[in-house]
Amino acid sequence: MASNMGFVFVDRDGKHFRHILNWLRDGVIPTLKDSEYLELLREAEYYQLLGLVEGLNGILSRRSDEDDPKDDLKAELTRTDIIKCIQSERVRFRGLNLSGLELSKLDLSNVDFSYANLKNVFFSRANLQCAKFRDVDAGGSNFHNANLRECEFTGANLRGALLAGANLQSANLQDACLIDCSFCGADLHTAHLQTADLTNANLKDANLEGANLKGAKLSGANLQGANLQRAYLRHVDLRDTVSPSNILQDEMDIEFGHRCLHQNGIHII
């Protein structure tokens, strides 16, 4: 946002901003720890620097293939095993530990991952249409630009997951933990998000048209530029969100506290 003096204020932690500037200057990605790469990835996604996002995804994907001698809970299958399995008609990985695997760009449509450990798995650009993720632990996983249309995530833990640019049309995320998730630019048209926890989620420029958010928690969520036309928002408190200013009240069903209708946007008092 711009100040009266003409200065531009960016409401982000400045920890990694120097890396953003250096990449813009010379296109070089710095050498960092894995945790710092993930933090920088989140910043790159926020600023919509797609080249940097792709570069960081590549680095993290390569690192995920390296053996970690300190990891006592290594994945039970490899990427090669997964590729062999998905050649079958019905594939189930229910309850398996697949944490840290690099599964980007694979066709995993209709696969059943229910109850599996999917922490930090790379699903970037994968086809996961109609896949089942019921009650999975997928904290920190990467679904960047993945096809998740009509997927089931009921009760899933996706805390801190990256879903920027993902296709989540008609996906079922009811009761899911979506705290700190990034849905920047994601398509959530007619998605089911009833009672989901979207605390501090980034929904900037996301398409939520016709989505059901009844009872969802949106404290601290970023809704700037989001399309909420015909979204169902009963029992949703938007007072602590970064909310859009150009959505007409008659396009939404919001029920909390006092309501104030204004022809140019939403005003909640």
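Trainee: Which residues does Leu-128 touch, leaving out residues up to four places away in sequence?

Mentor: Leu-128 touches Leu-108, Ser-109, Phe-113, Phe-123, Phe-133, Phe-143, Ala-146, Asn-147, Leu-148 and Cys-151. Keep in mind that this model is predicted.

Trainee: What makes two residues count as touching?

Mentor: Their heavy atoms must lie within 4.5 Å. Each residue listed for Leu-128 is in contact with Leu-128 in that sense.

Trainee: Which members of the largest nonpolar core touch the most other members?

Mentor: They are Phe-113, Phe-123, Leu-128, Phe-133 and Leu-148. This core has 60 residues. A second, separate core has 17 residues, including Leu-49, Leu-56, Leu-162 and Cys-184. In soluble globular proteins, nonpolar side chains tend to be buried together.

Trainee: Why is Asn-222 called buried?

Mentor: Buried means under 20% relative accessible area. Asn-222 has 10% relative accessibility, so Asn-222 counts as buried.

Trainee: Where is Asn-222, and what does Asn-222 touch?

Mentor: Asn-222 sits in the loop between α4 and β1. Leaving out residues up to four places away in sequence, Asn-222 touches Tyr-46, Ala-201, Asn-202, Leu-203, Lys-204 and Val-242.

Trainee: Why is Tyr-115 called partly exposed?

Mentor: Buried is under 20%, exposed is over 50%, and partly exposed is in between. Tyr-115 has 44% relative accessibility, so Tyr-115 counts as partly exposed. Tyr-115 lies in the loop between α4 (79-85) and β1 (232-234).

Trainee: What is the phi of Tyr-115, and what is the phi of Asp-205?

Mentor: Tyr-115 has a positive phi of about 65°. Asp-205 has a positive phi of about 60°. Tyr-115 is not a glycine, and Asp-205 is not a glycine. Most residues other than glycine have a negative phi.

Trainee: How do you know that the buried residues of α1 line one face of the helix?

Mentor: His-19, Ile-20 and Trp-23 are buried in α1, residues 17-26. Seen down the axis of α1, the buried residues fall within an arc of 105°, so they line one face. An α-helix has 3.6 residues a turn, so residues three or four places apart point the same way.

Trainee: Which residues are exposed on the other side of α1?

Mentor: Arg-18, Leu-24, Arg-25 and Asp-26 are exposed there. Just after α1, Gly-27 takes a positive phi of about 75°.

Definitions and conventions: Residues are numbered from 1 along each chain as its sequence is written. This is a predicted model: local features need pLDDT of at least 70, side-chain atom pairs count only at pLDDT 80 or more; totals for chains, interfaces and linings use all residues. Side-chain values use heavy atoms; hydrogens and water are left out. Helices (H or I, at least four residues) and strands (E, at least two) are DSSP runs, numbered from the N terminus. Buried means under 20% relative accessible area, exposed over 50%, partly exposed in between (1.4 Å probe, protein chains only). The arc is that of the directions from the helix axis to the C-beta atoms. A nonpolar core is a set of buried Ala, Val, Leu, Ile, Met, Phe, Trp, Tyr and Cys residues joined through side-chain atoms within 4.5 Å.
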